[in-house]
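Please read the following points with the sequence and the 3D view side by side.

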Amino acid sequence: MKKLVILLVFLFTIIILGDFVNKIGANEKMTIEGYILNKEGVLYLITDEDFDVNTAKEQSNQEFIRSYGGIYKLNSVPFSFSPYKDGQKLRVWFGEVLESHPAKIKVLKAERK
């Protein structure tokens, strides 16, 4: 039992440390601002200023992706990302953009606007 507790504390420490290192390594030039939306378990960042949360939730995924200009699928979201709510405006620092439709971005850090 003691070994299990030590292992869990060690794993939790690694997760927190990794999140902290990502925040330190975030580059100011690689940022994007938009609205967050959790749709069917996937986090999206929408940069279109005409974004409406209620309309987006009612649409199917394909309709939603076609309706708005700048949509990014958030990939590798850090541990500290959980307190954000649908429709909040965020500034996101990212490490890389993966080519797909919609494009996937690896999130390093995020803050409310």
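1. Glu-49 has a relative accessible area of 53%, so Glu-49 counts as exposed. The cut-offs are under 20% for buried and over 50% for exposed, with partly exposed in between, using a 1.4 Å probe and protein chains only. The model is predicted: local features need pLDDT of at least 70, side-chain atom pairs count only at pLDDT 80 or more, and totals for chains, interfaces and linings use all residues. Residues are numbered from 1 along each chain as its sequence is written, and side-chain values use heavy atoms, with hydrogens and water left out.

2. Which residue forms a salt bridge with Glu-49? The partner is Lys-89, and the closest N and O atoms are 3.5 Å apart. A salt bridge here is a side-chain nitrogen of Lys or Arg within 4 Å of a carboxyl oxygen of Asp or Glu. The pair links distant parts of the chain, 40 residues apart: Lys-89 is in strand S4 (residues 89-98), and Glu-49 is in the loop between strand S2 (42-46) and helix H2 (53-58). Helices (H or I, at least four residues) and strands (E, at least two) are DSSP runs, numbered from the N terminus. Lys-89 is partly exposed, at 27% relative accessible area.

3. By this rule there are 2 salt bridges. Asp-86 and Lys-57 form a salt bridge, with their closest N and O atoms 3.0 Å apart. Asp-86 lies in the loop between strand S3 (71-75) and S4, and Lys-57 in helix H2, so this pair ties together parts 29 residues apart in sequence. Asp-86 is partly exposed at 28% relative accessibility, and Lys-57 is partly exposed at 46%.

4. Strand S1 (residues 31-39) pairs with S4 in the antiparallel sense over 5 bridges; two strands pair if DSSP finds at least two bridges between them. In S4, Val-92 stands opposite Ile-32. S1 also pairs with S2, in the antiparallel sense and over 5 bridges, where Leu-37 stands opposite Tyr-44 in S2. The hairpin of S1 and S2 has 2 residues between the strands, and Glu-40 takes a positive phi near 55 degrees there.

5. Leu-4 is in helix H1 (residues 2-24) and is partly exposed, with a relative accessible area of 46%. A nonpolar patch on the surface includes Met-1, Leu-4, Phe-10 and Ile-14, and its residues have about 910 Å² of accessible area together. Patches are made of residues with over 30% relative accessible area and no salt bridge: like charges are joined within 9 Å, nonpolar side chains (Val, Leu, Ile, Met, Phe, Trp, Tyr) within 5 Å. Accessible areas come from the Shrake-Rupley method with a 1.4 Å probe; for residues, only the protein chains shown count as cover.
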